[in-house]
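Here is a friendly tour of some helix packing. Have a look at the model, and then we can go through it together.

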Amino acid sequence: RGVYFGLREACADADDMKALGLSTGIEGKRVIVQGFGNVGYHSAKFCREGGALIVGVAERDGALYRKEGLDVEAVRQYLEDKGSITGFPGVRELPSAEALELDCDVLIPAALENQITADNAPRIRARILAEGANGPTTFDAERILHERGVLIIPDIYLNAGGVTVSYFEWVKNLSHVRFGRVGKRFEEASSARMLHAVEGATGRLFTEEEHRRIARGADEVDLVNSGLEETMISAYRQLREMTRQDPRIRDLRMAAFLSALRKVATSYLELGIFP
């Protein structure tokens, strides 16, 4: 989910998308995902739900491609049933490594490190490289991709969703209070009063199902997802602003490392660790 939020925010930047020759927004973007485990599957799932087109999926034993888009849930079920994605009906099959070089808007390497190298970087046709895995791009490959104008969304930022939510879990355990417990009923009552006011003003009565759906207060999952979304959005905007304000910060990866170091240094200073 964090990969999706980060990619969506990157695609919302009109200037960057114009420079890449792409439209703004994640809707309609052609996406190829390498790796269909926990990170890859959920990245594909949420990107598809957000309007992207998952045209390719690569696993260790092969890859699937369909320009009209793949049914992510069907591929997932097939993989669970067969133990492999090979043989999935109605698609073009090809070697796993070749899927990285297919024409697409977004490539999400979500498997192993060192998958994009100086050897295959010149043949990468994606305009956005969204690093779902740890260290999928070598230093030499990154230099080549930058020279070719590819936008790289770095792993240190993009796959931080897991540890971000782990932080929420830590905060919850420290407080011994479930998220949403304090305000959920108040939110539901406030929304119910608003619905009744609308019914009185318009004469249009909402159904019981509409009441439940509209007036439902945020539960723990809603709040955690909202917190993750806000974290990924604000972090990306901070990184992008750093690259625009300081010409010495050449890319998002450099901005991410610098931002992290500054935050650690600030915390140490506030704790009195440094004189």
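## The covered helix α1

In this predicted model, the buried residues of α1 are G2, V3, Y4, F5, G6, L7, E9, A10 and C11. Helix α1 spans residues 2-11 and is mostly covered, with nine of its ten residues buried.

## How α1 meets α11

Two packed helices are described by the angle between their axes and the distance between the axes. For α1 and helix α11 (residues 220-245), the angle is about 40 degrees and the axes lie 9 Å apart. An angle between 35 and 65 degrees counts as oblique, so α1 is oblique to α11. The crossing of this pair is right-handed.

On the α1 side, the residues in contact are G2, F5, G6, R8, E9 and A10. Their partners in α11 are N225, L228, E229, M232, I233, Y236 and R237. Sorted by class, the contact of α1 with α11 holds six nonpolar, three polar and four charged residues.

## How α3 meets α4

Now for another pair: helix α3 covers residues 38-49 and helix α4 covers residues 72-82. Their axes come within 10 Å and cross at roughly 155 degrees. Angles over 145 degrees count as roughly antiparallel, and α3 and α4 are therefore roughly antiparallel to each other. Their crossing is left-handed.

From α3, Y41, A44, K45 and R48 make the contact, together with V72, E73 and R76 of α4. By class, the contact of α3 with α4 has three nonpolar and four charged residues, with no polar ones.

Key
Residues are numbered from 1 along each chain as its sequence is written. This is a predicted model: local features need pLDDT of at least 70, side-chain atom pairs count only at pLDDT 80 or more; totals for chains, interfaces and linings use all residues. Side-chain values use heavy atoms; hydrogens and water are left out. Axes are lines fitted to C-alpha atoms, for helices over the stretch in contact, and angles run from 0 to 180 degrees between N-to-C directions. Helices (H or I, at least four residues) and strands (E, at least two) are DSSP runs, numbered from the N terminus. Angles under 35 degrees count as roughly parallel, over 145 as roughly antiparallel, 65 to 115 as roughly perpendicular and the rest as oblique. A crossing is left-handed if the near helix is turned anticlockwise from the far one by less than a right angle, and right-handed if clockwise. Contact means heavy atoms within 4.5 Å. Ala, Val, Leu, Ile, Met, Phe, Trp, Tyr, Cys and Pro count as nonpolar, Asp, Glu, Lys and Arg as charged, and the others, Gly among them, as polar. Buried means under 20% relative accessible area, exposed over 50%, partly exposed in between (1.4 Å probe, protein chains only).
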